[in-house]
Amino acid sequence: MYTPPFFKQDRAASLKFADTRGFGTVCAFDGHKPVASPIPFYLTYAADGTPQAAFHVARHNPLLKLADGTSSWLLAVNGPDAYVSPDWYVSPDQVPTWLYQSVHLSGPVRLLSDDELAVQIDTLSEKFENWLLPKTPWTSGKMMAGRLEALKKGIVGLVMAVEEVEGSFKLNQHKSDADYTAIANALGAQAHADAREISQLMQDVRPEAFAPETNMLERSAP
């Protein structure tokens, strides 16, 4: 991934982002063309500290033929993104751009055993069921006897040993405070949820740029 220094994220921040998102596009090369699939996943760590991305695909997915344990795959994990109009800047002569968060994980992928797949299914569902709390989490134990085993025959578990971590969070970090706050405020006023999320991320990254505006509002309050 091409990442200018302003936008580059360190390894820990990139892994945290990927794990929090838990959804991405995995891609491999079959010798002639890329083969890709969108997948939910979770991160775990080997005994030596190596990050591992665990996921599964349908048994007939062509990716399975490429999981030889040595060839490197790519897992691209994207966050919110938003278009920026040049009209929103304070400074003149700006150009359109796009703000986003993206992390790329890469490394060899191997097949999981049936026992490993059973653990993966429970771990993956637990991760995302926790997003829905206080709802009582779904577990595979709620299924009728034999039903889960029958469905498991249609999928194959995979795990990537993550050898390289690349993160790019393009949030206009290189712009002046005036332009930075102008863009964040403009995005915050948009109807699209991603635009508003990017606006909040910008404020989280550079809160001091918004302090004078906050103080002014406080002084003008009755």
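Trainee: Which residues of α4 are buried in this predicted model?
Mentor: In α4, the buried residues are D179, Y180, T181, A182, I183, A184, A186 and L187. They pack against β5 (72-84), β6 (97-111) and α5 (193-205).

Trainee: What makes R206 a charge over the ring of Y180?
Mentor: R206 lies over the face of Y180, at 4.0 Å from the ring centre, and the cut-off for that distance is 6 Å.

Trainee: Why is T97 called buried?
Mentor: Buried means under 20% relative accessible area. T97 has 18%, so T97 is buried. This residue is in strand β6 and touches A82, Y83, V84, Y89, K170 and N172, leaving out residues up to four places away in sequence.

Trainee: What joins the side chains of T97 and K170?
Mentor: A polar contact of 2.5 Å joins them; the limit for such a pair of N or O atoms is 3.5 Å.

Trainee: Why is V156 called buried?
Mentor: The relative accessible area of V156 is 12%, and the label therefore applies under the 20% cut-off. V156 is found in strand β7 (residues 155-161). Beyond its neighbours within four places in sequence, V156 is in contact with F55, H56, V57, R59, L64 and L111. The C-alpha atoms of V156 and H60 are separated by 9.1 Å, although these residues are 96 residues apart along the chain.

Trainee: Why is W131 called exposed?
Mentor: Exposed requires over 50%; W131 has 53% relative accessibility and therefore counts as exposed.

Trainee: What makes the aromatic pair of F128 and W131 edge-to-face?
Mentor: By the pairing rule there are 4 aromatic pairs. For F128 and W131, the distance is 4.9 Å centre to centre and the angle between the planes is 90°. The cut-offs are 6.5 Å for pairing and over 60 degrees for edge-to-face.

Trainee: Which residues have the most contacts inside the largest nonpolar core?
Mentor: They are F55, W73 and L105, in a core of 42 residues. The largest share of this core, 5 residues, comes from β5. L105 touches, among others, L15, L43, W73 and M160.

How values were computed. Residues numbered from 1 in each chain as written. Predicted model: local features only at pLDDT ≥ 70, side-chain atom pairs only at ≥ 80, totals over all residues. Heavy atoms only, no water. Buried < 20%, exposed > 50% of the residue type's maximum accessible area, 1.4 Å probe, protein only. Helix = DSSP H or I, 4+ residues; strand = E, 2+ residues; numbered from the N terminus. Contact = heavy atoms within 4.5 Å. Core = buried A, V, L, I, M, F, W, Y, C linked by side-chain atoms within 4.5 Å. Polar contact = N/O pair within 3.5 Å; in protein donor to acceptor, adjacent residues only side chain to side chain. Phe/Tyr/Trp six-rings, centres within 6.5 Å; stacked < 30°, edge-to-face > 60°. Lys NZ or Arg CZ within 6 Å of the ring centre and 35° of its normal.
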